[in-house]
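Please examine the sequence and the three-dimensional structure shown below.

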Amino acid sequence: GKVGSDGTIKASASVRAFETTTARGIGSATGHSREYAATAGSEQKAVVEALSDAVDRVLVNIMDYWKDDAIKGFQYLVQIRGDFSGDAGNQARRAIYAALKETVGDMNENLATEQSINYRVWYKGSNTDLLFSLQDKFEASTQKRLRTTSQNRKLIQLKVE
């Protein structure tokens, strides 16, 4: 920009935050700087100010996200591989859904194919408690087994056998 014959500088910056395990967006904002006279170092000053403004706004989003999730419980991503085609696959899928519905506070199905099902769930306990409860309920209602293929703090990967 210009004020009279003097050049001015103003910056904007966009910041987005994600929960890495679930890839869920938890905040985004655009920050802006004030307008500065175009002098040596003013570009850097404007960029830093815009980033600082955006980060402050995103931190508010993140705090709101965690407050909302704390009420529902911890968020986990449950990925289940298996053969979900045909009648037997449909029965296994129904048993997984019923076991999750009985166990967790809230859930969203993210993806369902003939080879895998992915759920985002909220549970008021540890990932191990969730895992064992899900396995027990699924195995009690079917002649199949849910084997753990991977487990970390927020991600549980299982396979129907």
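The model is a predicted one. Its description may begin with an open sheet of five strands, whose order is E7-E8-E6-E10-E9 and whose pairing is mixed. Strand E7 (106-112) and strand E9 (146-151) are the edge strands, each of them pairing on one side only. On average, neighbouring strands of this sheet are turned by 25° against each other, direction ignored.

The pairings can be followed across the sheet in that order. Strands of a sheet pair through backbone hydrogen bonds, either parallel or antiparallel. E7 and E8 run antiparallel and are joined by six bridges. Three residues lie between E7 and E8, and the two strands form a hairpin. Within this pair, Glu109 has Tyr119 of E8 as its bridge partner. E8 is also joined to E6, by eight bridges, and these two strands run antiparallel. Here Gln75 stands opposite Trp122 in E8.

The next pairing has the parallel sense: strand E6 (residues 74-81) and strand E10 (residues 155-160) are paired over five bridges. Ile80 stands opposite Leu158 of E10. Arg147 has Lys159 in E10 as its bridge partner. E9 and E10 form a hairpin, with three residues between them.

How many residues of E8 are buried? Eight of its eight residues are buried, and the strand is mostly covered. Ser116, Asn118, Arg120 and Trp122 point one way from E8, whereas Ile117, Tyr119, Val121 and Tyr123 point the other way; all are buried.

Helix H1 (residues 42-72) touches E6, E7 and strand E8 (116-123), and the direction of H1 makes about 90° with that of E8. Helix H3 packs on the sheet as well, touching E6, E8, E9 and E10. The direction of H3 makes about 160° with that of E9.

H3 has a further partner in helix H2. Two packed helices are described by the angle between their axes and the distance between the axes. For helix H2 (residues 86-103) and helix H3 (residues 127-141), the angle is about 135° and the axes are 9 Å apart. H2 is therefore oblique to H3. The crossing of H2 and H3 is right-handed. On the H2 side, the contact is made by Ala92, Ala95, Ile96, Ala99, Leu100, Glu102 and Thr103. The residues of H3 in this contact are Leu130, Ser133, Leu134, Lys137, Phe138 and Ser141. By class, the contact of H2 with H3 comprises eight nonpolar, three polar and two charged residues.

Asp129 is located in helix H3. Asp129 counts as partly exposed because its relative accessibility is 41%, which falls between the limits of 20% for buried and 50% for exposed. Along the chain, Asp129 and Thr103 are 26 residues apart, and their C-alpha atoms are separated by 9.8 Å. Thr103 is one of the H2 residues in the contact with H3.

Arg145 belongs to the loop between H3 and E9. With 43% relative accessibility, Arg145 counts as partly exposed. The C-alpha atoms of Arg145 and Ala92 are separated by 10.0 Å, although the two residues are 53 residues apart along the chain. When neighbours within four places in sequence are left aside, Arg145 is in contact with Phe138, Glu139, Lys159, Val160 and Glu161. Among them, Phe138 is also one of the H3 residues in the contact with H2, and Lys159 is the bridge partner of Arg147.

Arg81 is placed in strand E6. The relative accessible area of Arg81 is 43%, so this residue is partly exposed. Which residues does Arg81 contact, leaving aside its neighbours within four places in sequence? They are Gln115, Ser116, Thr149, Leu158, Lys159 and Val160. Arg81 and Arg120 are 39 residues apart in sequence, and 15 Å apart in space from C-alpha to C-alpha.

Notes: Residues numbered from 1 in each chain as written. Predicted model: local features only at pLDDT ≥ 70, side-chain atom pairs only at ≥ 80, totals over all residues. Heavy atoms only, no water. Axes fitted to C-alpha atoms, helices over the stretch in contact; angles between N-to-C directions. Helix = DSSP H or I, 4+ residues; strand = E, 2+ residues; numbered from the N terminus. Parallel < 35°, antiparallel > 145°, perpendicular 65-115°, else oblique. Left-handed = near helix turned anticlockwise from the far one by under 90°. Contact = heavy atoms within 4.5 Å. Nonpolar A, V, L, I, M, F, W, Y, C, P; charged D, E, K, R; others polar. Pairing = 2+ DSSP bridges. Buried < 20%, exposed > 50% of the residue type's maximum accessible area, 1.4 Å probe, protein only.
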